[in-house]
Amino acid sequence: MKAAAVALIAFSAVNAVVGSTSCPMAPRPGDPLRGLTREELTRFEQGREVFERKFTPETGLGPLFNGDACAECHEDPVAGGTGDEVEVHVAMLRPGGFCDPLADQGGPVIQQEVTPALKAALGIDHEPIPPEANARAARTPPDLFGFGLLDAIPDREILALADPEDRNHDGVSGRPNRFTDGRLGRFGRKAFVPTLAEFNHGAFVVEQGITNPAVPTEESIGGKAIPAGVDPVPEPELTERDLELADDFVRFLAPPAQMPLDQEGELGRSIFGTIGCAGCHVPSLTTGASPVRALSYQTVHAYTDLLLHDMGRGRADICLGLAAPSEFRTDPLMGLRLLKSFLHDGNAKGIDEAVRLHDGEAAGARARYARLPSARRAALLRFLNSL
């Protein structure tokens, strides 16, 4: 193990092991959760190495892919953060309201890169768009900070926030998405994936073409089988141990600590609630019991309810699961200050623009934001830039 990694583990262990009486520094982007054991910190650092590993066709990359490493798309400001890539996703909303992700034709994620062997075999530079796709979406990579804590939120807490019939008449009617087997979804821009492990395991295949024990089958090429001889590495291409280590790296990533607030920022925090932003961006959730003490019964200042909300026609793109084209999961705001583009498609280049592009259930909060005197709007933006 590299000396720097050993030093980090030793430092973190002294400051974070259960029973320590010291006051640890607030976590920085890319830091592990406070309170991990020495063994968990070791697995975190070993998992980082898997997360940053660059794959080649000879080690399993492709033949379709969007990046050659997890950290290629999750790199800013450090491994586990966001990236500047924009993916293409597709779906078809069939008559009767059934959402078809076109998985049998290569959907919903359309890979933008191919290995030299696949290009030589088929003469393509990217995966073809399924001809049946009647909707496309642009997707930016989310940062992964604090995702282990979101994974540990009990279903009951998320469901308690749902109000699909808007019984309190506040204009906000969040509802859950469900996976194909009926489990509650929470990960992804449409809250379709139930667990962090499934989110990670699927990403290895969909984003890098790296099969693993959880997902041992390669993606098709527009619904057709991979030509013989194109993929030289037998499945699975990632070992069980490396898969588990990568899971632990993502699971143990701490959310960035909020910056200290001055009087103006505290005013902004209050305005955030009074104009209705907190109706979807719920300031805190609480995790349930976990075998990992650092994840157990923790308050998570994530500013999300992990539910679907209608964002209006202007933001609509694809359906997914139960999510209609205009419905999206409330994006967590922890680490907001680290982003360079905003919303699910990256179309907003600043927080002010992102707020003004909200519509649908957020139309009321957006209108109240627009009516704020400039000093109060500045206070709100100061608060948001502290997250």
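This is a predicted model: local features need pLDDT of at least 70, side-chain atom pairs count only at pLDDT 80 or more; totals for chains, interfaces and linings use all residues.
**Figure 1. The cis peptide bond between G62 and P63, together with the surroundings of Q208.** The peptide bond that joins G62 to P63 is cis, with omega at about 15 degrees, and P63 has its place in the loop between α2 and β1 (64–65). Q208 is part of helix α7, which covers residues 196–208. With a relative accessible area of 2%, Q208 is buried, since the cut-off for a buried residue is under 20%. When its neighbours within four places in sequence are left aside, the contacts of Q208 are F55, G60, L61, G62, L64, F65, G67, D68, A69, C70 and A203, a list that includes G62 of the cis bond. Q208 and L338 are 130 residues apart along the chain, and their C-alpha atoms are separated by 25 Å.

**Figure 2. The packing of helix α2 against helix α8.** The axes of α2 and α8 are 7 Å apart and cross at an angle of about 110 degrees; the two helices are therefore roughly perpendicular to each other, as angles of 65 to 115 degrees are classed in this way. On the α2 side the contact is made by R43, F44, Q46, G47, R48, V50 and F51, and on the α8 side by R241, D242, E244, L245, A246, D248, F249 and V250. Sorted by class, the residues of this contact comprise 7 nonpolar, 2 polar and 6 charged.

**Figure 3. The aromatic pair of F44 and F249, with F51 as a further member of the cluster.** The structure holds 9 aromatic pairs. One of them is formed by F44 and F249, whose rings are tilted, with 5.0 Å from centre to centre and 35 degrees between the planes. F44 lies in helix α2 (residues 38–52) and F249 in helix α8 (residues 240–251), so this pair ties together parts of the chain that are 205 residues apart in sequence. F44 counts as buried, at 0% relative accessibility, and F249 is likewise buried, with a relative accessible area of 0%. Ring pairs link F44, F51 and F249 into a cluster.

**Figure 4. The aromatic pair of F272 and Y303.** The rings of F272 and Y303 are arranged edge-to-face, with their centres 5.6 Å apart and an angle of 85 degrees between the planes. F272 is in helix α9 (residues 263–274), whereas Y303 is in the loop between β8 (299–300) and β9 (308–310), so the pair ties together parts that are 31 residues apart in sequence. Both F272 and Y303 are buried.

**Figure 5. The packing of helix α9 against helix α12 (residues 374–384).** The angle between α9 and α12 is about 95 degrees, and their axes lie 7 Å apart, which makes α9 roughly perpendicular to α12. From α9 the contact involves E264, G265, L267, G268, R269, I271 and F272, and from α12 it involves A375, R376, A378, A379, L380, R382, F383 and L384. The classes represented in this contact are 9 nonpolar, 2 polar and 4 charged residues. F272, one of the α9 residues in the contact, also forms the aromatic pair with Y303.

**Figure 6. Charged side chains placed over the rings of F328 and Y369.** K190 has its charged end over the ring of F328, at 3.9 Å from the ring centre. R377 lies over the face of Y369, at a distance of 5.6 Å from the centre of the ring.

**Figure 7. Positive phi values at Y297 and L343.** Y297, a residue other than glycine, has a positive phi near 50 degrees and is placed in the loop between β7 (285–286) and β8. With a relative accessible area of 58%, Y297 is exposed. L343, also a residue other than glycine, has a positive phi near 75 degrees, and is found in the loop between β10 (327–329) and α10 (351–356). L343 counts as buried, at 14% relative accessibility.

Key: Residues are numbered from 1 along each chain as its sequence is written. Side-chain values use heavy atoms; hydrogens and water are left out. Rings of Phe, Tyr and Trp (its six-membered ring) pair if their centres lie within 6.5 Å; planes under 30 degrees apart count as stacked, over 60 as edge-to-face and the rest as tilted. Helices (H or I, at least four residues) and strands (E, at least two) are DSSP runs, numbered from the N terminus. Buried means under 20% relative accessible area, exposed over 50%, partly exposed in between (1.4 Å probe, protein chains only). A charge sits over a ring if NZ of Lys or CZ of Arg is within 6 Å of the ring centre and within 35 degrees of the ring normal. Axes are lines fitted to C-alpha atoms, for helices over the stretch in contact, and angles run from 0 to 180 degrees between N-to-C directions. Angles under 35 degrees count as roughly parallel, over 145 as roughly antiparallel, 65 to 115 as roughly perpendicular and the rest as oblique. Contact means heavy atoms within 4.5 Å. Ala, Val, Leu, Ile, Met, Phe, Trp, Tyr, Cys and Pro count as nonpolar, Asp, Glu, Lys and Arg as charged, and the others, Gly among them, as polar.
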